[in-house]
Amino acid sequence: TQLLEQSPQFLSIQEGENLTVYCNSSSVFSSLQWYRQEPGEGPVLLVTVVTGGEVKKLKRLTFQFGDARKDSSLHITAAQPGDTGLYLCAGGTDKLIFGTGTRLQVFP
Amino acid sequence: DAGVTQSPTHLIKTRGQHVTLRCSPISGHKSVSWYQQVLGQGPQFIFQYYEKEERGRGNFPDRFSARQFPNYSSELNVNALLLGDSALYLCASSFVAGGAGELFFGEGSRLTVL
């Protein structure tokens, strides 16, 4: 069974700080996706990483896929209150499974 | 174009009752997946349907069932409700089946079991 563990579970920071969220598994994934979910809404895709070692940037968000394709990280530079939400990694072959989630709160 | 629509948005049931949740996918999408999300946790996979056939089932009891109609809309049914079934039920549509494609989620149906 493929499992995706995320850390930290909760993160509460001040505007302007940097942070990193981790997504780890003992299984190899052909690709990993990162979603963000805001209260009252469904998750929305941020990025898909496919190649081991790949780095993708989305404005202040930097996503990295581990060389062995078992882990991924999300780094946010100069966090803003609008970054507040639940961050989810997801992967799978025959079905998409989600990680345990990281709840981020950014205070002004 | 309309996104994924789910109904009802909120509902309250009592233990032992059954519930039917409905989902309309994005036009052109043939795959629908259902997830259960307990507050503060990641969504848990329940079912995936593609072209009206079940393509995957998560670790949920037989009280959970689903189907997909010729117009690709879908229903999730839960029988003999338990308190632990209280959760946000998310429907997602995608163009392809499996885990590689992007999922587009609806806003969910929040079920409270008393």
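How much space lies in the second largest pocket? About 320 Å³.

**Before you start**

This is a predicted model: local features need pLDDT of at least 70, side-chain atom pairs count only at pLDDT 80 or more, and totals for chains, interfaces and linings use all residues. Residues are numbered from 1 along each chain as its sequence is written, chains are lettered from A and ligands numbered from 1 in the order in which they are written, and side-chain values use heavy atoms, with hydrogens and water left out.

**Stop 1: the interface**

Select chain A and chain B. In contact (heavy atoms within 4.5 Å) are 20 residues of chain B and 18 residues of chain A. The two chains bury about 1,500 Å², 52% of it on carbon and sulfur atoms. Buried area is the accessible area (1.4 Å probe) that two parts lose on being put together, summed over both. Five residue pairs, both at pLDDT 80 or more, are in polar contact across the interface. That term means N or O atoms within 3.5 Å; within protein, one must be able to donate a hydrogen and the other to accept it, and residues adjacent in sequence count only if both atoms are side-chain atoms.

Now colour strands E4 (31-37), E5 (44-50) and E9 (87-94) of chain B. These elements each give two or more residues to the side of chain B that touches chain A. Strands (E, at least two residues) are DSSP runs, numbered from the N terminus.

**Stop 2: the pockets**

A pocket is an open set of points on a 1 Å grid over the protein atoms alone, where a 1.4 Å probe fits, with protein on both sides within 12 Å along at least five of seven lines; lining residues have an atom within 4 Å of a point. Grid points are joined across faces, edges and corners, and a volume is the space filled by probe spheres set on the points.

The largest pocket holds about 440 Å³ of space. Of its 19 lining residues, select those closest to the centre: A:Thr1, A:Gln2, A:Leu3, A:Ile97 and B:Gln44.

Return to the second largest pocket, with about 320 Å³. Of its 17 lining residues, A:Pro39, A:Gly40, A:Glu41, B:Leu88 and B:Arg110 are closest to the centre.

**Stop 3: the backbone**

Select A:Ser7 and A:Pro8. Their peptide bond is cis, with omega about -10 degrees. Then go to chain B: the bond from B:Ser7 to B:Pro8 is cis, with omega near -10 degrees.

Finish at B:Glu51, in the loop between E5 and strand E6 (53-57) of chain B. Its phi is positive, near 50 degrees.

Technical notes: Helix = DSSP H or I, 4+ residues; strand = E, 2+ residues; numbered from the N terminus.
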